[in-house]
Amino acid sequence: SGATVLPPRPNPTRVPREHHANVCPATVSPDGNPYGPDYAHRKTNGRASPGGTSLKDELLARMTPGTPDEFEDSLKPDPHVFMRRDEGLFPVNEATVMAGLQREGKTLALVGLATALRVGVSVGGLAPALPGLGTLFPTAEDTRAQMLRKIAACAHATELRNGKAAADAVRAGLIPLDLNDEVFSRTRALVETKNRQPQMGAIVELMCEAIEIAQPMHDVRFGTVNFETVSTFNDGDESNLTLRILADAARYVARHCGVASVLSHHLSQAAIPNIRELTFSSADIRGGTALVANVRQNIIAVNLGCDRFPHADKNVRTLLRRIVDDESPPTERGHKVVVLVPLDASKAALPPPIYLRQYLTPYGPALLPIPTPDVLAPLSWLEQVAYLRAASASTREAGQAAARDAVMREVIEAVRMLEGEGTPATANAVSKRCGHTSDWSLPHLNAAVVAHRLTSQKQAVPRCKRTVDVYSTPRDSSAREQSAEDSP
């Protein structure tokens, strides 16, 4: 009599048309799967299906041409948590990997995206397909208290931007699932090892059943389930088979519950120089291709630094952060910026990079999405990197030109001073006046002559057996004006 009554399942053969409007339609039933088809897969043994028919008959029943309605439905893009036309972030009923170096801000970024989904805020130009959905955070790394602190930080920052009602919705809709407790010590892994063989963990099925019960209990519908992190949910090695089963387990949860599963993961140590130069790829995700090839989307998180802990001035990440800061309010400039870069997607067009800004709160730092800078918004990630490299090269060339001009001004001023003293302005004399070795000034003096900012003439000077070049300021008026500008 005390059993929880589960809501009825939706029609498993059609995706609600309202899902693809990129808004939250009032016609979507609150007790139906918000993303459409039910992908509940059950294990079958032998050659008989659960319904009693043979597997051959099941195969034959599915070997049919597409119907007109099915082809009509094919016009719709595959559902994603965030969408814009044919672009999508976090494919529904599928698994996604989001990787980054240690302490890059992966967990905070996922909490920030979950906050945007709950409040209905666009990220990188992608709108929540169904605003108001919540997020479950199964974690075997952070404790419940640590996760709640991150959620509270995002809720506090959201209250300042969107009001108290939005903050309350964040606190109610982002739910941590702490699997660090001793009761889960032997069953928390998505992949278990039995008889030296990896297999899907028993907790996968139990988690799906618990999610079905928890959603009506807490009056929340989950849009994403974010697993923190891959290494803590894998009791096997990182072989190809183990990682494939891990991806299958995340996909099972996604399809059974109608959500997007996100696996938080790490990059390999070999990825450090690629992150520094922004030349990374999905091959830098730890585990090789076994994991990334068995999920539908791969994302890499990159910390662009902040004023307190900056990268080197010449680093391209610093240039990118400065571009973001230039279009940010003055009070936000200098704070940490993280960019999430989708690298591949098999169910939608590749979405643009997503930028998040750090906000300091009484609960600690929060990462929330910010608009993409106008100069970068129309560009894909590869185009943004090309733009950064061109801007970096231009800045470097301008700096080199400024340095050359400063040296030229120095030698011109030395020539003028020697002229005033009545001393022949030879390369040796100019170099010594500037505090360098005898031949240091020669290329700079010749460059000044080519630029018509000095003149030279062969002359005999004391203690020299042959004539040498003696430099002087120009005699014509226009050149004298240019030379006069060189004096301090």
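Predicted model: local features only at pLDDT ≥ 70, side-chain atom pairs only at ≥ 80, totals over all residues.
Residues are numbered from 1 along each chain as its sequence is written, and side-chain values use heavy atoms, with hydrogens and water left out. Local features need pLDDT of at least 70 and side-chain atom pairs count only at pLDDT 80 or more, whereas totals for chains, interfaces and linings use all residues.

Helices here are DSSP runs of H or I with at least four residues, numbered from the N terminus. Of the 18 residues of α7, 14 are buried, so the helix is largely enclosed by the rest of the structure. Buried means under 20% relative accessible area, exposed over 50%, and partly exposed in between, with a 1.4 Å probe and protein chains only. Just after α7, Gly 258 takes a positive phi of about 65°.

Thr 242 lies in α7 and is buried, with a relative accessible area of 1%. Leaving out residues up to four places away in sequence, Thr 242 touches Val 191, Pro 198, Asn 234, Gly 236 and Asp 237, where contact means heavy atoms within 4.5 Å. Val 253 is also placed in α7, and its relative accessibility of 0% makes it buried. Beyond its neighbours within four places in sequence, Val 253 is in contact with residues including Val 204, Cys 208, Ile 211 and Phe 227, as well as Gly 258. Val 253 and Met 207 are 46 residues apart in sequence, yet their C-alpha atoms are 7.8 Å apart in space.

Turning to the helix pair, the axes of α11 (residues 381-421) and α13 (residues 442-450) come within 9 Å and cross at roughly 90°. The axes are lines fitted to C-alpha atoms over the stretch in contact, with angles from 0 to 180 degrees between N-to-C directions. The two helices are therefore roughly perpendicular, a term for angles of 65 to 115 degrees. On the α11 side, the contact is made by Val 407, Met 408, Val 411, Ile 412 and Val 415, and α13 contributes His 444, Leu 445, Ala 447 and Ala 448.

Finally, the structure holds 0 disulfides, a disulfide being a pair of cysteine sulfur atoms within 2.5 Å. Cys 154 is buried at 0% relative accessibility, and Cys 306 is buried at 11%.

Notes:
Parallel < 35°, antiparallel > 145°, perpendicular 65-115°, else oblique.
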